[in-house]
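Here is a short tour of one protein model for you to follow alongside the viewer.

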Amino acid sequence: MLEVIEKGSATGSHPLPLLFVHGSWHGAWCWDEHFLDFFADRGYACHAVSLRGHGASPGRERLRRTRIRDYVGDLAEVAARLPAQPILVGHSMGGFVIQKYLEQHIAAGAVLVAPIPPTGVLRVTLYIARHYPVPFAKVHAALRLAPLVATRELVRDLLFSASTPEELVNTYQQRVHDESYLAFLDMLALDLVKRRRVNRVPTLVLGAEHDSIVSQRQIRRTAAVYGAEAEIFPGMGHDMMLEPRWQAVAERMDGWLTTQRLREVV
């Protein structure tokens with residue numbers, strides 16, 4: 001059974017559940033730090049899944065062979081168990097997984113937080129190869145992505161802003177872990193998002209000013225693809241749900257969700 005952290009209950013104002021999907025190296029825990037309590041307190045039923053091989057979900061021993069389509073299957077499995085059609089919230093790779101999910105499924109809405117764009121990870125791959133050649137070489141020698149989060153310095157540079165307190169970076173560096181090499185190849189070239197197949201749902205796309213993984217231009221282009229609103233948060237890094245100013249992101253999401261008054265799609 002996949003790990004699913006659940007908090008809150010549906011209310012008349014927010015009848016549809018929120019289903020949170022984490023990104024590479026993370027698990028459901030990254031949403032449980034702040035976001036699940038925030039949205040549960042505002043009347044949402046919240047569910048955060050740990051994709052196979054992440055968090056407390058099984059599959060760590062098979063992580064190297066896991067594909068993006070497997071993560072999409074995990075998302076579909078959890079969504080099907082919910083009492084109503086969910087609003088999907090995805091960070092980074094989780095945002096990419098949601099886009100792939102929407103090729104074959106429907107949702108009430110989607111919030112993409114620093115999402116890997118439909119065109120994949122070529123830009124950030126070249127960035128890492130240029131700026132971090134030794135960890136990059138280790139990734140391909142070992143066929144695993146753990147070398148990119150092996151030190152506090154790498155975690156800060158790739159996932160957080162320079163202003164994030166050192167103790168937070170230390171804490172989260174100890175919680176991140178390996179990621180599937182095949183899933184990385186899928187996002188690089190093997191299984192990119194087929195944009196014409198993606199079912200269009202109300203979508204919000206959020207990005208960070210100092211994100212090393214997803215550029216501001218990519219955030220705006222992703223939003224344009226889906227006819228979505230986009231907003232860039234100043235002074236923030238890639239892990240927007242864990243940054244000191246996480247609440248500004250949550251409040252923007254809450255405001256959008258309240259304004260949209262989303263309902264199940266028949």
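## A buried tryptophan in a loop

Let's begin in the loop that runs between β2 (18-21) and α1 (29-32), where Trp25 is found. Please keep in mind that this is a predicted model. Trp25 is not a glycine, yet its phi is positive, at about 75°. Is Trp25 buried or exposed? With a relative accessibility of 7%, Trp25 falls under the 20% cut-off, so it counts as buried.

## Another positive phi

Leu143 is also worth a click: this residue has a positive phi of about 55° although it is not a glycine. Its place is the loop that links α6 (133-142) with α7 (152-159). The relative accessible area of Leu143 is 34%, which makes it partly exposed.

## The overall fold

Zooming out, the protein chain contains 11 helices and seven strands. Its radius of gyration is 17 Å, close to the 18 Å that the globule rule gives for 266 residues, so the chain is as compact as a globular protein of that length. Along the principal axes, the C-alpha atoms fill a box of roughly 55 × 35 × 35 Å.

## Surface and charge

The protein chain exposes about 11000 Å², and carbon and sulfur atoms supply 50% of that area.

## The nonpolar core

Buried residues account for 58% of the 266 in the protein chain. In soluble globular proteins, nonpolar side chains tend to be buried together. Here the largest nonpolar core holds 95 residues, and the members that touch the most others are Phe20, Trp31, Phe35, Phe39, Ile68, Met240 and Met253. Helix α3 (residues 68-81) gives the most to this core, with seven residues.

Beyond its neighbours within four places in sequence, Met240 is in contact with several residues, including His91, Val113, Leu206, Phe233 and Trp246.

## A partly exposed arginine

Our last stop is Arg245, in the loop between β7 (229-233) and α11 (246-260). Its relative accessibility of 40% means that Arg245 counts as partly exposed. Which residues does Arg245 contact, leaving aside its neighbours within four places in sequence? They are Pro234 and Met236. Arg245 and Pro234 are 11 residues apart in sequence, with a C-alpha to C-alpha distance of 9.8 Å.

Notes
Residues are numbered from 1 along each chain as its sequence is written. This is a predicted model: local features need pLDDT of at least 70, side-chain atom pairs count only at pLDDT 80 or more; totals for chains, interfaces and linings use all residues. Side-chain values use heavy atoms; hydrogens and water are left out. Helices (H or I, at least four residues) and strands (E, at least two) are DSSP runs, numbered from the N terminus. The radius of gyration is taken over C-alpha atoms; the globule rule is 2.2 Å times the number of residues to the power 0.38. Buried means under 20% relative accessible area, exposed over 50%, partly exposed in between (1.4 Å probe, protein chains only). Accessible areas come from the Shrake-Rupley method with a 1.4 Å probe; for residues, only the protein chains shown count as cover. A nonpolar core is a set of buried Ala, Val, Leu, Ile, Met, Phe, Trp, Tyr and Cys residues joined through side-chain atoms within 4.5 Å. Contact means heavy atoms within 4.5 Å.
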